[in-house]
Amino acid sequence: MLKQSKYVKTLPNTKSQHWLLKVIVVFAISAGIFFGINSMGSAAPTTPTATQTASTKTATSKTVQATPVYSQVVTTGTISQKIKTSGEIKPMLGVSLIPEASGKIEEIYVDVGDFVKKGQKLAQINDETQQAQYAQAKASLNVANAAIKMQEVTIESARSSLVSAKASVEASESQLKNLTVTRKRLEKLFSEGAVSRQDVDNIITQYDNANAAHIAAQTNVKRASDAIQTALVTLEMRKAELTQATANLNAVKVNLDKTVVDAPFDGVITARYEDPGANANLSKALFDIQQSNPVKIIGTIIEKDLYQLVAGKTNVFITVDSVAGDFKGIVTKIYPSIDNTSRTGKIEIHLNNSDNKLRTGMFAKIDVLITTHENAVIIPRDSLVKYENNYLTYVVEKQGDKYIAVKRDVKVGIVDDDKVEIISGLKAGERLISKGTEFVREGSAVSID
């Protein structure tokens with residue numbers, strides 16, 4: 001039987017053994033954790049694991065992956081500089097027809113939508129009073145015309161009397177001369193005793209009678225002349241009366257004409273406000289009429305651009321959302337004044353509307369053509385990048401088996417909607433990044449569509 005060593009203590013009881021075992025286990029776990037952490041912090045693995053190698057390859061492939069972009073070949077074409085504005089389509093002429101005479105409306109001959117010609121009768125207002133006044137004025141005119149004719153006859157009669165009186169004067173003068181000679185001869189013969197005193201007295205009596213007849217004839221000439229002058233003055237009065245009668249007839253005729261409402265120009269009836277039987281009111285319209293061929297559009301242009309336009313020469317293009325197709329016209333008129341609030345001026349454009357597609361009140365978009373460049377280098381607007389006050393774009397160049405984005409500084413000309421003219425920096429035939437420029441930088445590898 002073995003002896004017990006003096007260095008070997010007697011084992012404790014079972015309860016003490018369990019407690020000691022627990023302490024040993026806890027100590028062993030703590031020691032393992034400590035040495036494990038220490039080994040991780042102090043030692044680096046010299047060879048990557050399979051997982052680490054796969055991750056590294058993925059990261060490397062992402063850094064060299066080409067950026068997909070859209071590209072296109074730079075071409076030349078036509079581009080135009082335009083000023084965009086808008087306006088409302090208005091009739092060339094448009095009025096509200098207010099009657100010029102009051103009274104009951106007898107007839108209305110047109111309705112809304114009817115096309116009418118200048119002078120066409122649109123409505124009739126009762127004209128009984130005006131017709132009576134016209135008949136009376138016309139009768140007065142006839143009387144005045146008859147009075148003039150009568151006075152002209154009187155003048156002719158007075159002129160005939162004057163001719164007769166002048167003839168009598170001439171005859172009496174001839175007779176008086178003959179009697180004067182005979183008297184002198186007989187008085188000489190009487191003094192010689194060759195004739196009797198009775199013969200001399202007879203000649204003297206004849207002479208006195210002839211002289212009286214001569215004086216009477218001269219008086220008749222004066223009376224006839226005075227009668228002619230009086231008749232002429234009366235004729236002027238009759239002519240004045242005729243003028244007055246004519247003016248009165250014209251005035252009555254104007255009032256009579258006012259009972260007819262007619263079209264002031266070729267156009268279309270756009271509104272009708274009364275029916276037959278209603279009373280025409282001098283302050284209320286019966287119709288609205290508009291001339292819609294051609295139509296006019298009034299647009300606004302800012303002050304600094306206004307002087308680039310020339311009336312009668314500057315072309316414009318019109319689009320109306322509710323009407324298919326574009327309309328081409330010219331700037332017909334440039335208004336002379338500038339609005340001091342908006343600092344804009346107005347332009348007027350006339351458009352043919354024979355098919356009546358354009359209706360007043362429609363909204364029109366206006367492109368005013370300022371200049372056009374032919375054979376210009378043109379690129380999409382989306383491909384242009386602005387920085388500070390400069391512009392750049394990217395072209396695609398092939399380097400080896402890769403496509404590389406290369407930055408180009410460019411000078412911009414006309415900008416028209418989605419197109420831009422390039423004055424310098426690009427030439428036709430080069431390949432341009434048209435979309436995706438925001439994802440590339442100088443030297444970026446790209447994949448093109």
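How many residues does helix α3 have, and how far does α3 reach from its first C-alpha to its last? Helix α3 (residues 128–192) has 65 residues and reaches 96 Å. That is close to the 96 Å expected at 1.5 Å a residue, where the expected span is 1.5 Å times one less than the number of residues. Gly193 follows α3, with a positive phi near 80°.

This is a predicted model: local features need pLDDT of at least 70, side-chain atom pairs count only at pLDDT 80 or more, and totals for chains, interfaces and linings use all residues. Residues are numbered from 1 along each chain as its sequence is written, and side-chain values use heavy atoms, without hydrogens or water. Helices (H or I, at least four residues) and strands (E, at least two) are DSSP runs, numbered from the N terminus.

**The sheet**

An open sheet holds 4 strands in the order β6-β5-β3-β8, with antiparallel pairing. Its edge strands, β6 (260–262) and β8 (279–280), each pair on one side only. Strands pair if DSSP finds at least two bridges between them. Between β5 (residues 121–125) and β6 there are 3 bridges. Gln124 stands opposite Val260 in β6.

**Glu430**

Glu430 sits in the loop between β17 (419–424) and β18 (431–435). Glu430 is buried, at 15% relative accessible area; buried means under 20%, exposed over 50%, partly exposed in between (1.4 Å probe, protein chains only). Two distances involve its side chain.

| Partner of the Glu430 side chain | Distance |
|---|---|
| Arg408, side chain | 2.6 Å |

Leaving aside neighbours within four places in sequence, Glu430 is in contact (heavy atoms within 4.5 Å) with Gln72, Val73, Val74 and Arg408.

Methods
Polar contact = N/O pair within 3.5 Å; in protein donor to acceptor, adjacent residues only side chain to side chain.
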